[in-house]
Amino acid sequence: MTEAPAPVFDPKLFMDRVRTYGHGGALGISYVDHGPDWCTLSLPYDDRLVAGRDGVLASGPIVSLMDMATSLSLWVKLGRFRPQATLDLRIDYLRPARPGAAIVGRGECYGITRSVGFTRGIAHDGDPGDPVAHVSATFMFTDAG
């Protein structure tokens, strides 16, 4: 008897399916890459998302990007989609994003319990060594498991 293969959550397929609707779709968030416990997404620059006259993206779209990147990292590590709610999402902004630059968000899942997932990540505008922000997020699963 052969064992069934382990489940695999495909974040690229997920993002391809949701890119035309929902919050992430409205912002233009797209898939970049992923590994066994991380996922990288991109938020394109858009004049409609600028907070002031200086051309810097508002913080709200970056929050959405990082919520999605950290969520996907959790599902990648689990190997499947599992309904969840964001319990806590903390973003520490280190500097404004460069005007006209896309924002890249990388989320990493570093722990999962029966009911909570723990993630962290960074947002940058071209150089991961010079991040725009650091993020820490926890998610509560909303199903029985």
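Here are some quick notes on the strand pairing, aromatic contacts and ring-facing charges in this predicted model.

1. Let's start with the strands. Strand 1 (residues 30-34) and strand 2 (residues 38-43) run antiparallel and are joined by 4 bridges.

2. F9 is buried, because its relative accessibility of 10% is under 20%. F14, at 23%, comes out as partly exposed.

3. Y110 and F118 also pair up: their ring centres are 6.3 Å apart and their planes sit at 40 degrees, so this pair is tilted. Why tilted? Stacked needs planes under 30 degrees apart and edge-to-face needs over 60, so the 40 degrees of Y110 and F118 falls to tilted. Both partners are partly exposed, Y110 with a relative accessible area of 41% and F118 with 27% relative accessibility.

4. Together with W75 and F81, they make up one aromatic cluster.

5. Two arginines are worth a click as well. R106 has its charged end over the ring of W38, 4.2 Å from the ring centre. W38 falls in the residue range of strand 2 (residues 38-43). R82, for its part, lies over the face of F141, with 3.9 Å to the ring centre.

Terms used
Residues are numbered from 1 along each chain as its sequence is written. This is a predicted model: local features need pLDDT of at least 70, side-chain atom pairs count only at pLDDT 80 or more; totals for chains, interfaces and linings use all residues. Side-chain values use heavy atoms; hydrogens and water are left out. Two strands pair if DSSP finds at least two bridges between them. Helices (H or I, at least four residues) and strands (E, at least two) are DSSP runs, numbered from the N terminus. Buried means under 20% relative accessible area, exposed over 50%, partly exposed in between (1.4 Å probe, protein chains only). Rings of Phe, Tyr and Trp (its six-membered ring) pair if their centres lie within 6.5 Å; planes under 30 degrees apart count as stacked, over 60 as edge-to-face and the rest as tilted. A charge sits over a ring if NZ of Lys or CZ of Arg is within 6 Å of the ring centre and within 35 degrees of the ring normal.
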